[in-house]
Amino acid sequence: MGSYPKKSSAEWFIDQINVENAKLLAFVLVLGFIGYHGILHLRYGPDSCNWLLSSGRYKGDHEWQPYGCMLHKYSKTDARRCLRYLAFWGKYNSFAFIGDSRLEQLYEYFIGVLKTRVDIDSSYSTKDHHMPNYTYVDNKLRLSVTFIWSDDVSRTMVEQFRTWQYSDSPPSVIVASTGLQMIKNRNTTEQALQEYKRNLTQLVQPIDALAARKTQVLWKLSESVDTTKMKNDVKITNSDIDAYNRAAVEILQHSATKLWNSPRLAAAAASSSDGLSISPTALRHSAQILLNMFCNDHMNFNDGTCCAQPEPCTQLQLLTFALFLLCAVLTSIQYIWRWSQNIKQRIDGYSLVNQTAVETPSAMAALAKLGMIMAYFYLCDRTNFFMKENKYYSEWSFWLPVGYVFALGLFFTDESRSSSHSRVLNRDQTNEWKGWMQLVILVYQVTGASKVLPIYMLVRALVSSYLFLTGYGHFYYTWKTGDTGLVRYFRVIFRLNFLTVVLCLTMNRPYQFYSFIPLVSFWYTLMFVIFALPPHITPSSSHTMETKPYQYLYIAIKVIGLLTIVTVLYMSEVFFQKIFVTRPWKALFVNADDDIHQWWLDWKQDRYSMTYGIMFAAAYLAAQRHGAALGVAGVAGSALRALGAAGALAAYGALTLLCADSSACDEIHSYVSFLPVVGYVALRNASASLRARSSGLFRWFGSVTLELFASQSHIWLAADTHGVLVLVPGAPVLNLMLTSYVFVFAAHEIRKLTAVVLPYAVPDDWRLVLRNFAIFLAVLVPIGIHDGMF
């Protein structure tokens, strides 16, 4: 007998690089991150307010990014809305600033954010406006902002804190600090520092008493100075400032004081012209930090997680996770029983028959695994266990990753393995198309590039392309098989919506939160109904269309019917809303605010995209039967098609650049969306050699498009897509790489689990399918009654 050569270590290592081992590594990484962040919470506490006040950095767009949480940018309207809301519920909004000229700068900037023109309403007033103390009052907002001059921890400051301590209505927020004048007047000696510490000690008891009455006391550490811009007669050094800051931290860290260090970092990065005062940029960020600290937990701003408590877990979420836990327990019991039976037979001297037979995947085990993945989803998105940060957009941050994506895609290009590789839009080609589109959309989402109109319209074209492919693929299947049965319909719908429904139940999000999935599901359902109604399209063969030309008429009738329905719905937004807000299906089309307007916008922007796909498929298949399909006209035809395709793409690009705003672009998009789609198809199939090759990397991503789209909001992005998940704080690039790795392989595992559950949920027998659908509706009825769907 021959012997096989032993594999080298390099060959063995290469064999280990596969999807299953990559998922195992992702699982180990997740456990590691859970342990790491658990230690951070034990060491520094879970309060994101401490993160907000203690540390942060400037991003490339010169915006302040707190450590580990998201900062909402409060406009004047937002700030006044917050204070008005709190005033409505009986809260008196009182702020007090006690310190020197630097704190006075912050006071003036802070009230500048809140106040409107004084002559508009007499309720605004500034009383006691004389040095050293003054107060700004807004009676409508029940607002009082006071500044008290104190450049040292003097008797004035101590007595003021004691006055607040015994006051019936102490301030909501007190910001205190010592100034540069104190440092200038004193020598930074050990004796001076000890005296400073003794004075600070007198503040501890009043501060603790105020904190017990829900007053937030912030001690603002002194900002550094720019010695290169200071006058020669000013003798202040940053080492002196640091010494006094360390003394303040030493005394106050054991009290209820919140040490406010982030303005010091911000001021160091943005110094003023004289080197002493605080720059407008640092003042703006300090004011935003105060507003985020005071308002975030009361307002519903998705991009403000600092100082905000996560939403509570609902009964439905608890029940869903309990069912997943039950599946895990039953799966464990089944596994232990099989293992014990195997051991017993081995002990008795028997071996199991067909040990090498592949077991049928268990739906129970698949649901148990899915429950574990959903627990990770919940931990990432519905809690503050992992950190979150604001998105950051720049031209480089968007286009550079997109360039990397396409470079990698080209590197993994190979010959198509599909038997139909000579066909336009064959399976490999459509998966490739879906793959690179999904990757571009992911870069678009993580960088927040929607604010750039041409990029926004590019992504709109990609969404239209996906709907085009949906229409093309399903019509092609119907033409070839004539299958418009219930089993086919429910399998497609299950494949589209299984993960989305599970996420709605576990993440407490409405169906419309995953806007793309409802859009595809709606258009596929409408297409299925139209093609399921008589007259039916019979399965085609090599001569079907020649012997039955009336099939063309059937297709034309159905396409016209589809366009008619779309036109009728589009003609009146009021009629559209009456149709889609009808109970009980209203819950499928409204967002968390019970508003259907977003569904109307998404629907109308791509109302013709699927129809374009159907029409293209019908025209291509008809042309193919007459020998006029793409790729048969030789080199001249290929060049002509490439030129026409480039012209179509250029025309769409010009339209996006000429649009005045996004609303104008959205209005015209539905009429011209076929230009980039058909242009790309023609360019991609300009020659037989191009058609026969595709990117394996893009094909792989194209196979998990739905899972990537639905999952991105929870384990890659954060705060309902307004921020990004942070597993590795302080290292944005490394964090993006690792979160992307876990995200991609979690999506792939979910796709695998969906394929396991699919045959059980949608069997081959249509009667069993209807039975399962009735059970699903029976489960939804009590949920719908609880949520007011009926």
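Modeller: Start with Cys-295. Cys-295 counts as buried, at 0% relative accessibility. This is a predicted model. A disulfide joins Cys-295 to Cys-82, with an S to S distance of 2.1 Å. The torsion about that S-S bond is about -95 degrees, so the link is left-handed. The pair connects distant parts of the chain: Cys-82 sits in helix 4 and Cys-295 in helix 11, 213 residues apart. Cys-82 is buried too, with a relative accessible area of 0%.

Next, the link of Cys-69 and Cys-306. Their sulfurs are 1.9 Å apart. This disulfide is right-handed, with 90 degrees about the S-S bond. Cys-69 lies in the loop between strand 2 (64-66) and helix 4 (76-88), and Cys-306 in the loop between helix 11 (280-295) and helix 12 (315-347), so the pair ties together parts 237 residues apart in sequence. Cys-69 is buried at 1% relative accessible area. Cys-306 is buried at 0%.

Now Cys-659 and Cys-665. A disulfide joins them, S to S 2.3 Å. With 135 degrees about the S-S bond, this link is right-handed. Cys-659 has a relative accessible area of 16%, which still makes it buried, because the cut-off is under 20%. Cys-665 is buried at 0%.

Finally, the whole set. A search of the whole structure finds four disulfides. Counting bonded cysteines along the chain, the pattern is 1-6, 2-5, 3-4, 7-8. Cys-313 is partly exposed, with a relative accessible area of 32%, whereas Cys-380 is buried at 0%.

Note on methods. Residues are numbered from 1 along each chain as its sequence is written. This is a predicted model: local features need pLDDT of at least 70, side-chain atom pairs count only at pLDDT 80 or more; totals for chains, interfaces and linings use all residues. Side-chain values use heavy atoms; hydrogens and water are left out. A disulfide is a pair of cysteine sulfur atoms within 2.5 Å. Helices (H or I, at least four residues) and strands (E, at least two) are DSSP runs, numbered from the N terminus. Buried means under 20% relative accessible area, exposed over 50%, partly exposed in between (1.4 Å probe, protein chains only).
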